[in-house]
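Here is a short report on one protein chain. It moves from single residues to the whole fold.

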Amino acid sequence: QVQLVESGGGLVQPGGSLRLSCAASGITSSIYAMAWYRQAPGKQRDMVATITDSGDTSYADSVKGRFTISRDIASNMVYLQMNKLKPEDTAVYYCNTGPIQLMRWGQGTQVTVSS
């Protein structure tokens, strides 16, 4: 009933860019703070960016200056613009509320940064 669908991942070269999208259904996500998370194989899932209902943003140190989180209240969408991608950014990226995850995890979208 409540669903998160991430999209926009792919294979890019180091230094490249990707724009990820998160579509929320079954919930008015605009009333919550939202966040992007990522998880590499064998590693914990970490928060990389958050955006509040009022539009305030915060970022993990590892992505500051390179990633930008945004949201479209009318369409219930959350986005992550990723620039200057590095191989260490390779992971499955997920969206959810943040910092507390109130929704069931979606399948995520794979981002692979490799030459």
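Asn76 is buried, because its relative accessible area is 13%. Buried means under 20% relative accessible area, exposed over 50% and partly exposed in between, with a 1.4 Å probe and protein chains only. Asn76 lies in the loop between strand 7 and strand 8. Its phi is positive, about 60°, although Asn76 is not a glycine.

Lys84 is another non-glycine residue with a positive phi, here about 50°. The loop between strand 8 and strand 9 holds Lys84. Lys84 counts as exposed, because its relative accessibility is 58%.

## Basis of the model

This is a predicted model: local features need pLDDT of at least 70, side-chain atom pairs count only at pLDDT 80 or more, and totals for chains, interfaces and linings use all residues. Residues are numbered from 1 along each chain as its sequence is written, and side-chain values use heavy atoms, with hydrogens and water left out.

## Overall fold

The chain has 10 strands and zero helices. Helices (H or I, at least four residues) and strands (E, at least two) are DSSP runs, numbered from the N terminus. Of the 115 residues, 42% count as buried.

The C-alpha trace spans about 40 × 25 × 25 Å along its principal axes. The radius of gyration is 13 Å, which agrees with the value near 13 Å for a compact globule of 115 residues. That radius is taken over C-alpha atoms, and the globule rule is 2.2 Å times the number of residues to the power 0.38. Among contacts between residues at least 6 apart in sequence, 54% join residues at least 24 apart. Contact means heavy atoms within 4.5 Å.

## Nonpolar core

The largest nonpolar core has 25 residues, and Trp36, Leu80, Met82 and Tyr93 touch the most other members. Strands 3 (18-25), 4 (34-39), 5 (46-51), 7 (67-72), 8 (77-82), 9 (91-97) and 10 (109-113) each supply at least two residues of this core. Strand 3 gives the largest share, four residues. A nonpolar core is a set of buried Ala, Val, Leu, Ile, Met, Phe, Trp, Tyr and Cys residues joined through side-chain atoms within 4.5 Å.

What does Met82 touch, not counting residues up to four places away in sequence? The partners are Gly16, Ser17, Leu18, Leu20, Arg66, Phe67, Tyr93 and Val111.

## Strand 4 and its partners

Strand 4 is largely enclosed by the rest of the structure, because five of its six residues are buried. Strand 4 runs antiparallel to strand 5, joined by five bridges. Two strands pair if DSSP finds at least two bridges between them. Ala35 stands opposite Thr50 in strand 5. The two strands form a hairpin with six residues between them. In the turn, Gly42 has a positive phi of about 80°.

Strand 4 also pairs with strand 9, antiparallel, over six bridges. Here Trp36 has Cys95 in strand 9 as its bridge partner.

The structure holds two aromatic pairs. Tyr37 and Trp105 are edge-to-face, because their planes stand at 90°, with ring centres 5.1 Å apart. Rings of Phe, Tyr and Trp (its six-membered ring) pair if their centres lie within 6.5 Å; planes under 30 degrees apart count as stacked, over 60 as edge-to-face and the rest as tilted. This pair links distant parts of the chain, 68 residues apart: Tyr37 is in strand 4, and Trp105 is in the loop between strand 9 and strand 10. Tyr37 counts as buried at 3% relative accessibility. Trp105 counts as partly exposed at 32%.

Tyr94 and Trp105 form an edge-to-face pair, 5.8 Å centre to centre with 70° between the planes. Tyr94 is in strand 9, 11 residues from Trp105. Tyr94 is buried, with a relative accessible area of 12%. Arg45 places its charged end over two rings: that of Tyr94, 4.3 Å from the centre, and that of Trp105, 3.8 Å from the centre. A charge sits over a ring if NZ of Lys or CZ of Arg is within 6 Å of the ring centre and within 35 degrees of the ring normal.

## A cis peptide bond

The peptide bond from Gly98 to Pro99 is cis, with omega near 0°. Pro99 lies in the loop between strand 9 and strand 10.
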